[in-house]
Amino acid sequence: MIEEIQNITRTVHTPVMFEGNPILTQDRPWEHHVNMHADDYQVWRDDDGLFHLLYTDFDIDREKASRTGRTLIDYDVSRFRVCYARSEDGLTWDKPPMGIVHEDGHDTNIVMGDRTHGNVWGLAPLDDPIETDPSRRYKAIYEIGPPGFRVADELPGANVRRAYSADSIHWTTYDEPPMFEGLGAKQGDSIYPFFDPSTRTYNILTRHPLMEMAPRPRAGLVERALAGGSTTDPAHGLSNRRGMRRIFQSQSRDFHHWSEPRLALAPDPALDNLDDSFYSMRPYRLGSHWVAFLGVLNMTTGLLVPQLAFSRDARTWDRLRPTHAWIGSGGPGSFYEHVVAAPHMVEVGDESWFYFGGTGSRTSRERRPYALGLGKLRRHGFVSVGTNAAHVGMLLTEAFIAPGDRLLINAACGPNGYIKVEASDVTYAVIAGRTAADCDVFTGDSVAHTVAWNGDATLPLPRGTDSGTVYPTFIPHRRLRFYMHDAKLYSFQIATSAS
């Protein structure tokens with residue numbers, strides 16, 4: 001969007017940690033090992049303002065897990081269950097009895113995962129905007145290890161199922177599993193579903209089930225590597241660069257038939273370390289664009305931290321400041337000393353809240369329980385452009401097309417700061433009455449300030465301008481020129497006035 005700048009710098013902002021962290025810990029007798037790693041937990045807020053959390057708890061037979069050929073998700077090694085918690089303010093959480101699973105005389109908060117279902121994890125609710133049946137408002141694709149399941153006995157990849165729900169808590173499994181072209185009902189794990197309104201398609205960010213099965217012909221090698229490294233899976237102790245975790249994407253029109261996953265984002269050997277892998281990526285829509293939290297795992301140290309990724313079209317993804325953690329690990333003894341799972345974003349007033357799972361465990365074998373942490377940021381305040389008190393800065397946008405007749409800015413000014421905006425057409429000719437001199441100067445701090453010129457907030461379309469093309473139809477491009485002094489601009493939005 002930026003065509004030209006003068007005296008403008010970009011700043012990436014990170015959340016401020018909540019002083020009361022962690023806000024949820026393992027504290028129930030039926031909780032064996034609370035896990036909030038990658039897609040093992042989900043946080044959202046409903047239309048009534050109630051906060052919800054789904055998280056994974058599992059019980060592992062460590063002796064069996066240490067044997068060659070066993071993995072943590074084998075049914076004879078572990079029991080995975082999905083648990084539920086809720087909060088009215090997003091800070092104090094309750095784990096209510098759900099009446100679904102009883103254990104040792106306790107009515108638990110377990111909502112899925114038992115001897116009938118087998119191991120269940122990665123249950124991620126998707127609020128479906130095009131679903132007309134209220135009982136199926138929410139959908140999910142989740143991973144399952146049915147009774148008797150063993151990774152070594154299965155084709156590569158995770159068994160997956162799909163489910164629907166009216167409230168995102170009580171789920172009914174579809175009779176037919178999702179199908180991924182030639183892969184059948186197999187899929188990689190760490191699955192994050194989302195709906196793209198521009199293409200009206202369901203999408204998932206995940207892994208390809210065959211990505212870690214590159215052939216490794218070596219004399220004397222009899223084991224097959226089934227995971228990415230010795231720090232994440234005790235099935236083997238060998239490294240495999242060709243088996244590096246990376247992000248794939250799949251699309252569907254009906255949430256049942258899916259395309260085979262295509263590569264969306266992979267470590268860059270020119271930037272990332274040899275043992276860095278992309279563990280998972282959780283997307284969110286901001287306006288017409290997308291932001292995602294990319295979990296980057298260093299295989300040697302076991303350190304997992306999120307980086308920022310973004311997309312203009314929900315198909316082509318890139319990273320902002322590659323190699324830089326967006327939320328760094330905590331200090332020695334912190335509950336998130338070694339793992340900061342890709343966070344969940346919830347909008348609360350003028351703030352964006354980021355819930356993240358954290359642990360002090362270096363490796364999967366240490367198995368310290370996870371806890372839930374919270375960081376806060378200005379609403380949509382990921383990045384700002386601006387200048388300081390020593391300069392007047394200018395930013396000119398590319399010519400763009402957008403419906404609407406109002407300009408909203410998310411911006412903050414210093415004690416003597418200001419922002420003025422000028423609007424022009426595709427040829428840089430200023431629209432009448434929308435010069436910087438006409439602009440009502442903004443000197444405040446607002447996440448949604450409506451810009452006006454001499455008291456008039458209308459942002460008109462240019463008329464009758466020759467766009468310089470061979471097409472006779474005029475396409476009304478606009479440009480914006482921001483003048484700033486001691487100010488930060490986080491975003492701008494073209495909105496439509498109320499009729």
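Reply: Phe400 counts as buried because its relative accessibility is 8%, where buried means under 20% relative accessible area, exposed over 50% and partly exposed in between (1.4 Å probe, protein chains only). The model is predicted, so local features need pLDDT of at least 70 and side-chain atom pairs count only at pLDDT 80 or more, whereas totals for chains, interfaces and linings use all residues. Residues are numbered from 1 along each chain as its sequence is written, and side-chain values use heavy atoms, with hydrogens and water left out.

The structure holds 23 aromatic pairs; rings of Phe, Tyr and Trp (its six-membered ring) pair if their centres lie within 6.5 Å, and planes under 30 degrees apart count as stacked, over 60 as edge-to-face and the rest as tilted. Phe400 and Phe492 form a tilted pair, because their ring centres are 6.0 Å apart and their planes stand at 45°. This pair links distant parts of the chain, 92 residues apart: Phe400 is in the loop between β31 (383–397) and β32, and Phe492 is in strand β34 (residues 479–495). Strands here are DSSP runs (E, at least two residues) and helices are runs of H or I of at least four, numbered from the N terminus. With a relative accessible area of 25%, Phe492 is partly exposed.

Strand β32 (residues 406–424) contains Asn410, which is buried at 3% relative accessibility. Beyond its neighbours within four places in sequence, Asn410 is in contact with residues including Arg378, His380, Val447, Leu489 and Ser491; contact means heavy atoms within 4.5 Å.

Leu489 also belongs to a core of 23 residues, along with Val421, Trp453 and Leu459 among others, and that core lies apart from the largest one. A nonpolar core is a set of buried Ala, Val, Leu, Ile, Met, Phe, Trp, Tyr and Cys residues joined through side-chain atoms within 4.5 Å. The largest nonpolar core has 50 residues, of which Leu53, Trp93, Tyr355 and Phe382 touch the most other members.

For the chain as a whole, the secondary structure comes to 1 helix and 34 strands, and buried residues make up 54% of the 499 residues. Among contacts between residues at least 6 apart in sequence, 64% join residues at least 24 apart.
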